Amino acid sequence: MTAEIAILNKSAVALAADSAVTLQTPGGHKIYNTVNKLFTLSKYRPVGIMVYGNSEFMGIPWESIIKEHRRQLGTAERGTLKEYTDEFVSWLEQEKALFPESLQNEVVTGTARNYFAQVRDDINAKVTEILKTSGSIAADQLVSVVEEIVASHEQFWQSKARLSFFPQDYEQRFLERQRAPLEQVLKEVFEKLSLPKVAVDRLIGLLPLVFSRDHFQEGASGIVVAGFGGQEVFPSVFSLVVDALAEGSLKWKILETAQIGISNAAIIPFAQREMVDTFLTGVDPQYKKIILESVSRLLQQMSDEIFKRIPDALLPKKSEQTAALSAGIPGLVDSLDQLLNAHSQKRHIAPIMNAVGALPKDELAAMAESLVNLTSFKRRVSIESETVGGEIDVAVISKGDGFIWIKRKHYFDAGKNPHFMVNYYR
């Protein structure tokens, strides 16, 4: 995991990112605190990029991908930050040297293997449940279990919206080209369970939906592009999620945007954001959730207890009255939530945003670093894994000065490598 933040006002955008990366291993996990997550998207223009979530895309480190795109971009300027963002996404989709068809096919089979294993585990769990209660399972029961699990997965993926930029014939083309390798993977995963042909066809038919529907796996990467286009006076930020490239189409979508206008500012945390949300709103979001759930539960208990004490003779339509009162409880809880939100907006969010709107560039950088450090400190003093930590890279991007590093770590001694800076702009 990681903690990153973008803070914007009319003059600049400050970016900060920690250096921790968590590697999952069969024996647990290992955390390194030396990873770069903040980069210039262009060496010559005021545009930066941050990465969180999966540090690789299609098995290639994001650092290598970003620097290759930066090399190809060269000195070119785009009018808006959205153009920089769209061009980066389009380049990912069309870059054949880094992401050849053979690599895309490997990703398809790897994803299929993991997904079919998940379906198999769901079937096994249901069968185990039946065996615990009945002691045995008949062949027709097993068929019914397979049917039930496959149907539930179909319902899940079909309920997700189709990403609009995928070609209309994507699913058909995907199955025509990938059916044979997918059948082989399915056979390997379900080696001890012979599936009916109709179940095989339905499971294979789900794979193009995995790549084209609006649901992103845990292994997806977050991308944050921030800065100024050539025609823009104020900064903006685009946050994306990028999942996989298969059959020539990239699965991605924009999660969040922030575009500064005449009189506004923005603080946008990414990945592990609970401490930033607490700072902004004045209350831990999880604590607030527990309060609202507790109030709802207590109101229901009080309602039940009151009606229990009223004799039926005095309240002939007791069940109807009880149901009506229970139905009104969610509205009362929503009203409480709105009151708490209004208080947070007035006492915490608005004053902070007013101050951020007037901060000079160095204070924007200091604030960004402090908020990331706050998350890191919380992890360090708690019993949770220190998934946020290491040195914090900080940069400020402004229209006139461009991309300015405030803090930047190197894996080498810069004094012993003067050629690095000489070659940087070559």
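Phe88 is buried, at a relative accessible area of 1%; buried here means under 20% relative accessible area, exposed over 50%, and partly exposed in between, with a 1.4 Å probe and protein chains only. This is a predicted model, so local features need pLDDT of at least 70 and side-chain atom pairs count only at pLDDT 80 or more, while totals for chains, interfaces and linings use all residues. Residues are numbered from 1 along each chain as its sequence is written, and side-chain values use heavy atoms, with hydrogens and water left out.

**The chain overall**

- The secondary structure comes to 11 helices and 14 strands; helices (H or I, at least four residues) and strands (E, at least two) are DSSP runs, numbered from the N terminus.
- Along its principal axes, the C-alpha trace spans about 80 × 65 × 45 Å.
- Of the 426 residues in the chain, 41% are buried.
- Among contacts with a separation of 6 or more, 69% come from residues 24 or more positions apart; a contact means heavy atoms within 4.5 Å.

- Elsewhere, strand 1 (residues 3-8) and strand 12 run antiparallel and are joined by 6 bridges, with Ile7 standing opposite Ile267 in strand 12.
- Strand 12 (residues 266-271) is mostly covered, with 5 of its 6 residues buried.

**Nonpolar cores**

- In soluble globular proteins, nonpolar side chains tend to be buried together.
- The largest nonpolar core has 68 residues, and Phe57, Trp62, Phe116 and Phe190 touch the most other members; such a core is a set of buried Ala, Val, Leu, Ile, Met, Phe, Trp, Tyr and Cys residues joined through side-chain atoms within 4.5 Å.
- Apart from it lies another core, of 22 residues, including Val276, Ile352, Ala365 and Ala368.

**Trp62 and its ring partner**

- Trp62 counts as buried at 1% relative accessibility.
- Leaving out residues up to four places away in sequence, Trp62 touches Val51, Asn54, Ser55, Glu56, Phe57, Phe88, Leu92, Ser221, Ile223 and Val242.
- A search of the whole structure turns up 16 aromatic pairs; rings of Phe, Tyr and Trp (its six-membered ring) pair if their centres lie within 6.5 Å, and planes under 30 degrees apart count as stacked, over 60 as edge-to-face and the rest as tilted.
- The Trp62 and Phe88 rings have centres 6.3 Å apart and planes at 40 degrees, so this pair is tilted.
- Trp62 lies in helix 1 (residues 62-73) and Phe88 in helix 2 (residues 81-94), so the pair ties together parts that are 26 residues apart in sequence.

**Helix 5 and its aromatics**

- Tyr170 and Phe174 make another tilted pair, because their ring centres are 5.9 Å apart and their planes sit at 50 degrees.
- These two are 4 residues apart in helix 5, so about one helical turn separates them.
- Tyr170 is buried at a relative accessible area of 0%, and Phe174 counts as buried at 0% relative accessibility.
- Both belong to one aromatic cluster made up of Phe165, Phe166, Tyr170, Phe174, Phe211 and Trp252.
- Helix 5 (residues 170-189) bends by about 60 degrees at Gln178, and a proline, Pro181, follows within four residues; the bend at a residue is the angle between axes fitted to the seven residues ending there and the seven starting there.
- The buried residues of helix 5 include Gln178, Leu182 and Val185, and its buried residues pack against helix 3, helix 6 (197-212), strand 10 (236-246) and strand 11.

**Thr375**

- Thr375 is found in helix 10 (residues 361-381) and counts as buried at 0% relative accessibility.
- Not counting residues up to four places away in sequence, Thr375 touches Ala3, Gln272, Met275, Val276 and Val388.

Technical notes: Two strands pair if DSSP finds at least two bridges between them.
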